[in-house]
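Good morning, and thank you for joining the group meeting. Please look at the sequence and the structure as they come up, and follow along as I speak.

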Amino acid sequence: MSFDAASLKILEALQDNAEISNADLAESVGLSPSPCWRRVADMKAQGVFKGTVLLVDPLKLGLAVNVFVHVSLQQQDKQSLEVFISAVQARPEVMECYLMTGEADFLLRVVIEDLPRYQEFMLEVLTQIPGVSSIRSSFALNQVKYTTALPVKHLERQNEKTK
């Protein structure tokens, strides 16, 4: 799918505020409401948007601890990977999980109430997953940057190259 300047503005605006009205969106990107609505509908139909969510402040919910967890498995065979993936997908504390290259097989981001709860999670959940050989935890002291908005500027550069 190719994105022109107006479509890129729509993507940026919707990533910033998914609740913006179509009229306000159209005005902010320099389109009239009907073409703006059609572009949004086309992007939805083509699967550009995965969904709409509301971002919640974790501190307001008492979730004060952000932990980055490096997990290594005894073996990296298909079954071991699937067992681990299935186990962490079932855990609401695990906000993100990535299969990695390098020293650890997986990198998890865990959001939890406090250190005793994290210790419980580590001992009662992570260490109980078959095949886990090591766990290294790093605690975030301060969140310096957090965004869910994907960068779209590279698409502008691609458009310029194809002209």
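A64 is exposed, with a relative accessible area of 54%. By the definition used here, exposed means over 50% relative accessible area, buried means under 20%, and partly exposed is what falls in between, with a 1.4 Å probe and protein chains only. The model is a predicted one, in which local features need pLDDT of at least 70 and side-chain atom pairs count only at pLDDT 80 or more, while totals for chains, interfaces and linings use all residues. Residues are numbered from 1 along each chain as its sequence is written, and side-chain values use heavy atoms, with hydrogens and water left out.

Let me stay with A64. This residue is found in the loop between α3 and β1, the latter spanning 65-73. Helices here are DSSP runs of H or I with at least four residues, strands are runs of E with at least two, and the numbering goes from the N terminus. Which residues does A64 touch, not counting residues up to four places away in sequence? They are L59, I112 and E113, where contact means heavy atoms within 4.5 Å. A64 and A140 are 76 residues apart in sequence, and their C-alpha atoms are 9.9 Å apart in space.

I turn now to the chain as a whole. It has six helices and four strands. From the N terminus on, the order of elements is α-α-α-β-α-β-β-α-β-α. The radius of gyration of the chain is 21 Å, whereas a compact globule of 163 residues would have one near 15 Å. That radius is taken over C-alpha atoms, and the globule rule is 2.2 Å times the number of residues to the power 0.38. Along the principal axes, the C-alpha atoms fill a box of roughly 55 × 40 × 25 Å. Of the 163 residues in the chain, 27% are buried. Among contacts between residues at least 6 apart in sequence, 64% join residues at least 24 apart.

Next, the helix packing. Helix α1, residues 5-16, and helix α3, residues 33-45, pack at an angle of about 75°, with their axes 11 Å apart. That makes α1 roughly perpendicular to α3. Axes are lines fitted to C-alpha atoms, for helices over the stretch in contact, and angles run from 0 to 180 degrees between N-to-C directions. Angles of 65 to 115 degrees count as roughly perpendicular, under 35 as roughly parallel, over 145 as roughly antiparallel, and the rest as oblique. On the α1 side, A6, S7, I10, L11 and L14 meet C36, R39, V40 and M43 of α3. By class, this contact has seven nonpolar, one polar and one charged residues. Nonpolar covers Ala, Val, Leu, Ile, Met, Phe, Trp, Tyr, Cys and Pro, charged covers Asp, Glu, Lys and Arg, and the others, Gly among them, are polar.

Helix α3 also packs with helix α2, residues 22-29, at an angle of about 100°, with the axes 9 Å apart. Thus α2 is roughly perpendicular to α3. Here N22, L25, A26 and V29 in α2 meet P33, C36, W37 and V40 in α3. The classes are seven nonpolar, one polar and no charged residues.

How many disulfides does the structure hold? The number is zero, a disulfide being a pair of cysteine sulfur atoms within 2.5 Å. C36 is buried, at a relative accessible area of 0%, whereas C97 is partly exposed, at 32% relative accessibility.

Finally, some individual positions. In helix α4, residues 78-89, we find S80, which is buried at a relative accessible area of 16%. Leaving aside residues up to four places away in sequence, S80 touches L73 and Q75. A87 also lies in helix α4 and is partly exposed, at 26% relative accessibility. D4 belongs to the segment before α1 and is partly exposed, with a relative accessible area of 34%. D4 and E156 are 152 residues apart along the chain, and their C-alpha atoms are separated by 7.5 Å.
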